[in-house]
Amino acid sequence: MLERRSVQAGRLRLSYLEQGTAAAGEPTLVLLHGLMGTASTYIPMLQAMPPQRHVIALDLPGAGGSERGPRMRATLAAVADHVVHALDALGLSAPVLVGHSHGGAVSLYLAALYPERASGLVLVSPAHPYFRHADQLIRFYMSPVGKAFAHTIPWYPAWLQMIGLRRMAGPQSWDRPERLVPYRENLRTSGTITHLLKLLRSWHIDMTELRHLLQAPFRKPTLLIWGDHDRAVPLSTAGDLQRWLLRSELRVLEGVGHRPAEEQPGPCAEAIEVWLATTGPVRSNAGE
C-alpha cells in the first residue's frame with residue numbers, strides 16, 4: 001500500500017510516498033522527480049512494481065508537500081545534502097537512487113560526491129552536463145519577460161497545460177487529465193515558481209560542478225532508461241554521458257518521450273526489476 005509520510009531532512013521537512021517494507025538482501029529504491037514534478041508523478045510506475053518492493057519517492061525541497069522558503073538554496077549541492085539528511089533520518093545508508101530529469105542530475109551529483117551513500121543508480125532521461133539543448137529556454141526564463149511568464153503558467157486552463165505536458169511525451173504514449181494533476185497542484189503552491197527559477201539560475205554552475213565530479217572514475221552500477229522521442233534531453237546525448245559511467249547499460253523505450261515512468265510505467269518498472277535481478281546492486285539497505 002502506498003502511504004504519504006514526512007521526514008525531517010536537516011532544516012527542512014520533506015514529504016514522501018512509501019510503498020513496501022525494507023527487507024534483508026533487497027535494495028530500497030529512493031525516487032527523485034524531475035524539475036516541475038513531485039513524488040506523485042512516479043505513482044503510475046509504483047503501481048506497476050511488485051507491491052513488496054520497498055520504494056520511497058521524495059518530494060524534493062520546494063516541491064509537492066515538502067517545505068519551501070525564500071532563503072532556501074536551490075543548487076545541486078544543497079538538494080543533494082537534503083536528500084542525504086533524509087536518507088539518514090530514514091535509516092538508509094546506501095539505497096538505489098532512481099532519478100528522472102533534474103532528479104537524475106541530483107542522483108549523479110550525490111553518488112559522485114558521496115559514493116558510499118548509493119549502491120547504484122537508475123537514471124531516467126537524466127539531465128546531465130553533456131547536453132546544451134536547454135540553454136535557450138533557460139536564457140528566456142532568466143529574462144524579465146520569462147520570469148513574468150513563469151508566474152502565469154500555473155493559472156493557465158487545464159486544457160492548455162495538457163498541451164504542454166503532451167509535448168513532453170512520445171507518439172506511443174498516452175496521457176489523461178489526472179496525469180496533469182501533480183504538476184498543476186505543485187506549480188500552484190506558493191513558492192514553487194520562485195524555487196524553480198532559482199534552480200534554473202544556478203543550472204550552468206551546477207552542471208559545471210557535476211562535470212568535474214564525473215571526471216573521477218564512476219563505478220556505481222547504473223541503468224539508463226531513455227525514450228527515443230525525448231525532446232528535452234535527447235537520446236543522442238546518452239553516449240556522451242555513458243563515457244563517464246564505467247558500469248552502465250542503456251535501455252531505450254521506443255515511441256517514448258521525456259517522461260518514461262508516466263508514459264510507459266509497465267516497461268519502465270520491468271526494466272528496473274530485470275536490472276536489479278541481473279546486474280544491479282544486491283546490497284541490503286534495510287536498517288543499516
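1. A salt bridge here is a side-chain nitrogen of Lys or Arg within 4 Å of a carboxyl oxygen of Asp or Glu. Glu3, Arg5 and Glu18 are linked in a network of such bridges, and the count by this rule comes to ten salt bridges.

2. A quick word on what you're looking at. This is a predicted model, where local features need pLDDT of at least 70, side-chain atom pairs count only at pLDDT 80 or more, and totals for chains, interfaces and linings use all residues. Residues are numbered from 1 along each chain as its sequence is written, and side-chain values use heavy atoms, with hydrogens and water left out.

3. Start with the pair Asp59 and Arg4, whose closest N and O atoms are 2.9 Å apart in a salt bridge. Asp59 sits in the loop between β4 (55-58) and α2, and Arg4 in strand β1 (residues 3-9), so the pair ties together parts 55 residues apart in sequence. Helices (H or I, at least four residues) and strands (E, at least two) are DSSP runs, numbered from the N terminus. Asp59 is buried, with a relative accessible area of 1%, while Arg4 is partly exposed at 43%. For these words, buried means under 20% relative accessible area, exposed over 50%, and partly exposed in between (1.4 Å probe, protein chains only).

4. Another salt bridge joins Arg259 and Asp175, with 2.8 Å between the closest N and O atoms. Arg259 belongs to the loop between β8 (248-253) and α11 (260-263), and Asp175 to the loop between α6 (158-167) and α7, so this pair ties together parts that are 84 residues apart in sequence. Arg259 is buried, at 3% relative accessible area; Asp175 is buried too, at 17%.

5. Now for the inside. The largest nonpolar core has 56 residues, and Leu58, Val83, Leu108, Leu121 and Leu241 touch the most other members. Helix α2 (residues 76-90) gives the most to this core, with eight residues. Apart from it lies another core, of 25 residues, including Leu29 and Val96. A nonpolar core means a set of buried Ala, Val, Leu, Ile, Met, Phe, Trp, Tyr and Cys residues joined through side-chain atoms within 4.5 Å.

6. What does Leu241 contact, leaving aside its neighbours within four places in sequence? Its partners include Leu108, Pro126, Tyr130 and Trp226, where contact means heavy atoms within 4.5 Å.

7. In α3, ten of the twelve residues are buried, among them His102, Ser107 and Tyr109. In α8 (residues 192-201), eight of ten are buried, including His195 and Lys198. The buried residues of α8 pack against α3 (102-113), α4 (135-142), α5 (144-152), α7 (177-188) and α9 (203-213).

8. Helix α4 holds Ile138, which counts as buried at 6% relative accessibility. Beyond its neighbours within four places in sequence, Ile138 is in contact with Leu200, Trp203 and His204. The C-alpha atoms of Ile138 and Arg201 are separated by 7.9 Å, although these residues are 63 apart along the chain.

9. Finally, the outside: Leu137, Phe140, Val145 and Phe149 form a nonpolar patch on the surface, with about 360 Å² of accessible area together. Both α4 and α5 supply at least two of its residues each. Val145, in helix α5, counts as exposed at 60% relative accessibility. Patches are made of residues with over 30% relative accessible area and no salt bridge, with like charges joined within 9 Å and nonpolar side chains (Val, Leu, Ile, Met, Phe, Trp, Tyr) within 5 Å. Accessible areas come from the Shrake-Rupley method with a 1.4 Å probe; for residues, only the protein chains shown count as cover.
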